[in-house]
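Okay, everyone, thanks for coming.

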Amino acid sequence: MRLILVLFLSTAFVLWKPATCSEWTAVKRTVKIPWDLEGTSLLIKTNYTAGSDEMIRVRMLDESNTWVDTVRVKLSSPMQYYIGSCTSDYIDLPVQPPDEVENIWKLGKTETTIIITCNGVEVLNYMFTNSSLSSCDTTWGGDVVEQIKFNSVDTASEFYKAAGCSAFAVEGSTQGNWNDDTEPGTSITITCIHNYVLLGDNAVITCLDNRTWSSEQVQCRLL
């Protein structure tokens with residue numbers, strides 16, 4: 001009896017292990033995937049573009065396996081979005097993505113906002129409290145998403161993986177901006193341009209396994 005209990009607890013722990021999928025994985029629809037969306041943003045790769053009318057459609061579930069709601073992106077022209085419990089119909093994205101052959105969408109969530117980017121361009125920053133529907137904030141607010149599932153009618157999503165560390169900029173540095181979705185384990189060295197001096201204990205910062213930078217205090221100051 002003791003052995004059975006230990007095995008059960010071990011299995012449960014593995015089920016709810018935070019997502020660490022750093023390689024592109026083929027989408028399998030209707031399969032539940034453990035994913036703490038508030039902690040790790042989701043990258044989706046597709047070759048479909050504006051005007052194809054294909055659909056990205058991701059369902060969200062909480063830790064108790066209860067459906068939270070769904071986020072959809074319709075690759076129409078113009079492209080549109082829908083957030084279950086927040087919007088009553090499809091709405092044009094405030095910023096239309098750049099026209100690329102291969103598109104990488106990033107779906108992220110905080111306790112107050114859903115953020116969608118495409119090829120590094122933020123196309124939606126949706127605050128739940130801005131919805132005219134009272135169900136929006138009560139449904140999505142807080143740390144609620146622990147699983148995702150690509151819907152059976154999702155016709156656009158081809159591959160997915162966990163996003164890396166977010167983009168950032170250091171004014172006065174030789175590079176200036178560092179790209180979004182840096183892989184965990186990657187270290188970068190910040191150097192300052194002429195007439196600027198480095199502030200901070202270490203010029204080398206690393207993208208950690210939890211997809212945050214080891215330091216956000218590095219700055220270049222004008223002499």
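First, the cut-off I'm using: a disulfide here is a pair of cysteine sulfur atoms within 2.5 Å. Before the details, a word on the source: this is a predicted model, so local features need pLDDT of at least 70 and side-chain atom pairs count only at pLDDT 80 or more, while totals for chains, interfaces and linings use all residues. Residues are numbered from 1 along each chain as its sequence is written, and side-chain values use heavy atoms, with hydrogens and water left out.

Counting bonded cysteines along the chain, they pair up as 1-2, 3-5, 4-6.

Let's start with C86 and C136, which are joined with an S to S distance of 2.0 Å. That link is right-handed, with 80° about the S-S bond. It connects distant parts of the chain: C86 is in the loop between β6 (80-83) and β7 (91-92), C136 is in helix α2 (residues 135-140), and they're 50 residues apart. On the naming, helices (H or I, at least four residues) and strands (E, at least two) are DSSP runs, numbered from the N terminus.

Buried or exposed, what is C86? Buried, at 4% relative accessible area. C136 is buried too, at 0%. By buried I mean under 20% relative accessible area, with exposed being over 50% and partly exposed in between (1.4 Å probe, protein chains only).

Next up, C165 and C207, whose sulfur atoms sit 2.2 Å apart. This one is right-handed, with 95° about the S-S bond. C165 lies in the loop between β12 (159-162) and β13 (168-169), and C207 in the loop between β17 (204-206) and β18 (219-222), so the pair ties together parts that are 42 residues apart in sequence. C165 is buried at 0% relative accessibility, and C207 is buried at 1%.

Then there's C192 with C220, sulfurs 2.1 Å apart. Which hand does that disulfide have? The torsion about the S-S bond is about -85°, so it's left-handed. C192 is in the loop between β15 (187-189) and β16 (196-199), C220 is in strand β18, and the two distant parts of the chain are 28 residues apart. C220 comes out buried, at 10% relative accessibility.

One more cysteine for the list: C118 is buried, at 0% relative accessibility.

That's it from me; over to you.
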